[in-house]
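Hi,

Here is the structure I said I would pass on.

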Amino acid sequence: MSYPKISFVNLKGTPFLPDENGITHIRQFGESWYVELDKPWRGEIILEGKSPFSLTQIPTTQRWELQGKLKGEIARRSGQVTVLLKDKAGKMLNETAATLHIYPASISEQQIEQAIADIGILAISTACCVQREMPVPMGEGSGVPGLGQKWQAGNGMLVTATALLELASVVRMNWSEIEKRPLKSFVTEIGTLEVEKAGISPRSLIEYKLNPFKRRVIGIKRTESFQCLENEFLCYILDFYLRDFAKGLAVAIGSLDSRNLENKFFEQKWHRKDEDFKEFVKAAKRRWRLFQSDREEFKRQAKDKISQLQDCVEWAEKARTSQFIKDIKTPTVPQLNSLRLIESSSYAPILDCYLNLKGGTLEPIQKVLHLLEQIYRGEVRPTWEIYEIWCVVKLYTAFILYADMQPLEGEAHLFESIELKSDGTLELPKNKLFSLVTRNSKFSLRVGVQYEPKLRNTKDELRTPDILLFVEVDGKVNKYVFDAKYRDYTQQTWEQLKKDVMDVAKNRYLQELSLTSAFILHTDIRKDYWGEVHFDRFVREEFGAIINEFDYAGHRYGAIALIPGQDEERQIKRILRLLLQYHNTELCTTCLACSQPLKWGKNVRSSWLPDLISEEDLIERVIAREKSAGNGTALYCSCPQCGDFWVIQNCYGEHHHLLKFKDCFHRNSDHPEFKGKWMYICPECGSDPSLEDLREDSRAKKMVINDIATSASPKWWTDYMAATGLNES
């Protein structure tokens with residue numbers, strides 16, 4: 001029977017054409033799609049899925065459409081919709097099925113593929129880091145300053161690379177001998193052979209009697225073949241270790257953030273003139289220079305290792321074309337129970353080196369190597385939820401790579417729990433808690449990560465955001481939610497952004513779940529809202545619309561752009577600072593990279609030196625947001641180990657916290673005199689005084705002091721005036 005042909009068309013009835021790969025597709029949020037038949041049909045048209053439902057026919061046409069929005073499990077998981085006919089008897093006609101691929105918005109297929117590769121690379125990066133031997137803490141002034149956790153992770157990668165290159169060296173050293181005399185096996189097959197070599201059988205005797213002059217007959221013969229366990233082992237080493245693993249490790253090392261620390265802060269004119277503070281500034285500059293020197297040396301070593309790994313990959317690909325192994329299929333798991341493999345003078349050294357590395361340097365990462373292998377073999381299908389999983393992976397690994405954390409001992413980490421299903425989709429367990437703890441015993445820090453947790457709001461309604469994070473510091477718990485979405489706000493307009501930020505992030509999650517903050521993670525690089533100003537201002541600046549949302553977000557909700565290959569490391573580090581240092585004042589004077597609390601009065605210094613109280617007391621007041629700390633009092637933080645430098649300051653309004661660092665998430669001051677300086681608008685109250693405002697405030701306070709004092713202003717006040725740069729001069 002001939003059935004109508006299904007086509008996907010746009011609103012005008014124009015069919016969607018297949019691309020160069022023959023795939024019919026549209027871009028998410030670009031055009032609406034409809035189903036059109038080439039002849040009348042009296043049955044139904046069904047949208048396939050776990051909960052199939054019928055499309056609705058548009059009157060007087062052979063066109064069908066969805067009622068409402070496409071939702072649920074039908075298309076979200078696979079990135080495609082499949083439509084088929086259903087006859088009047090209720091039978092699904094599978095032979096009529098047609099598929100339309102819906103590509104995600106604002107992210108290319110190459111970026112989706114990169115996200116998949118990132119998952120495998122981050123698995124290796126994390127394993128190199130979390131399994132390294134824990135360093136013994138040293139007192140200040142002893143030992144060698146480190147480069148911070150990200151660079152310790154980098155050192156772990158270099159150690160792994162060195163071990164891998166050692167294996168490559170052993171293989172290359174024995175390769176010429178192997179090519180001259182490769183091991184072979186005998187295989188039995190049916191073919192033509194000489195009569196004298198044929199086995200005696202009734203059939204061969206009859207053939208000989210019938211044709212005594214025939215010299216070749218069909219029979220079972222044994223021939224030599226390069227297909228053997230030993231050569232399969234070589235293919236495994238070449239394909240997986242020296243090609244795929246080396247390629248992934250080179251990318252991982254190359255992904256290390258090589259940007260320098262901010263140094264312009266040291267170039268400003270300091271208002272504190274006491275010798276103790278001058279020594280602090282000199283030490284901070286010295287640490288910065290040392291860090292730069294160490295980083296340049298590390299970058300040189302990393303570049304050298306990347307070059308060697310790339311050379312290793314090229315050599316392995318060339319070696320794989322050797323005549324004796326070019327047609328051998330690489331095994332998933334090599335068989336090592338071969339006496340010839342153990343005793344061969346050319347094969348045995350490779351086996352010995354492989355076993356030593358697998359049980360030594362490479363042993364900790366064996367559990368995640370299969371994930372990298374599956375990804376590099378192209379077995380992972382680029383589905384829609386790849387972006388969600390990628391976001392979970394990036395956040396999880398950020399705490400390990402940047403905050404000196406590790407999984408709980410004896411607990412499987414996230415990458416060990418990722419499974420590849422038979423249909424090629426990656427699956428991460430839902431509602432499962434993956435815990436991380438700090439390596440430093442001086443304070444208690446625990447982080448929990450959950451993918452699609454099941455939460456209950458204040459009305460006992462079920463809520464399932466994509467990602468839940470909780471951060472527990474010395475018993476205090478903050479909870480954060482992130483919802484990952486493919487978005488193109490330029491096409492979807494400010495209305496979609498408002499729905500995401502105000503309806504979803506703020507109302508549905510932040511308020512209903514009583515969270516510390518809630519953010520949308522999205523794929524539109526052009527729109528990046530961190531809750532740094534009130535939402536009305538952001539929408540007015542980006543879209544020219546007025547929505548009358550004047551509450552200051554205070555970095556509690558927003559929509560953060562996070563896209564593979566689009567400076568995502570910078571975004572991730574900003575998120576980490578937001579969670580651990582801005583919303584957790586307990587860690588605001590702790591170096592995240594080194595997991596080291598800084599010593600107040602030595603590595604944390606105030607912008608002015610008090611007279612009646614100690615500097616440590618003033619620091620405590622600033623962190624506690626006490627008004628007695630003075631308006632705009634700043635704390636300068638310099639890590640003695642890695643040279644990181646940041647500033648904590650209370651705003652000039654209600655003493656809200658500001659956290660200043662390179663690539664800060666606060667909004668720069670609107671006043672032109674502060675352009676390029678670390679002056680920011682308060683995200684909590686909008687305080688943004690001009691230079692003249694600050695001077696006027698200084699004059700007023702000085703008049704009050706002069707009125708109530710019988711002598712000159714006290715030393716603590718003049719110190720404060722000088723430190724904030726508010727002198728009349």
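**What I found**

Ile 46 stands opposite Ser 54 of β5. Strands here are DSSP runs of E with at least two residues, helices are runs of H or I with at least four, and both are numbered from the N terminus. Two strands pair if DSSP finds at least two bridges between them.

Before going further: this is a predicted model, where local features need pLDDT of at least 70 and side-chain atom pairs count only at pLDDT 80 or more, while totals for chains, interfaces and linings use all residues. Residues are numbered from 1 along each chain as its sequence is written, and side-chain values use heavy atoms, with hydrogens and water left out.

Back to the sheet. It is open, with five strands in the order β2-β9-β8-β4-β5 and mixed pairing. β2 (25-27) and β5 (53-54) are at the edges with a single partner strand each, so one side of each has no neighbour in the sheet.

Now the helices. α5 (residues 229-254) and α8 (residues 348-358) have axes that come within 11 Å and cross at roughly 50°. Axes are lines fitted to C-alpha atoms, for helices over the stretch in contact, and angles run from 0 to 180 degrees between N-to-C directions. The two are therefore oblique to each other (under 35 degrees is roughly parallel, over 145 roughly antiparallel, 65 to 115 roughly perpendicular, and the rest oblique). On the α5 side, Phe 233, Leu 234, Tyr 236, Ile 237 and Tyr 241 meet Ile 350, Leu 351 and Tyr 354 of α8; contact means heavy atoms within 4.5 Å.

The other pair is α12 (residues 489-511) with α13 (residues 535-543), packed at about 175° with axes 11 Å apart. That makes α12 roughly antiparallel to α13. Among the residues in this contact are Tyr 489, Trp 494 and Lys 498 of α12, and Phe 535, Phe 538 and Phe 543 of α13.

On confidence, the mean pLDDT of the protein chain is 82, and 81% of its residues reach 70 or more; pLDDT is the predictor's confidence in each residue, from 0 to 100. Over residues 70-78 pLDDT is below 50, and this stretch has 28 contacts in the model beyond near neighbours in sequence. Residues 131-151 also stay under 50, with 43 contacts beyond four places in sequence. Where pLDDT is low, the predicted coordinates should not be read in detail.

Cheers
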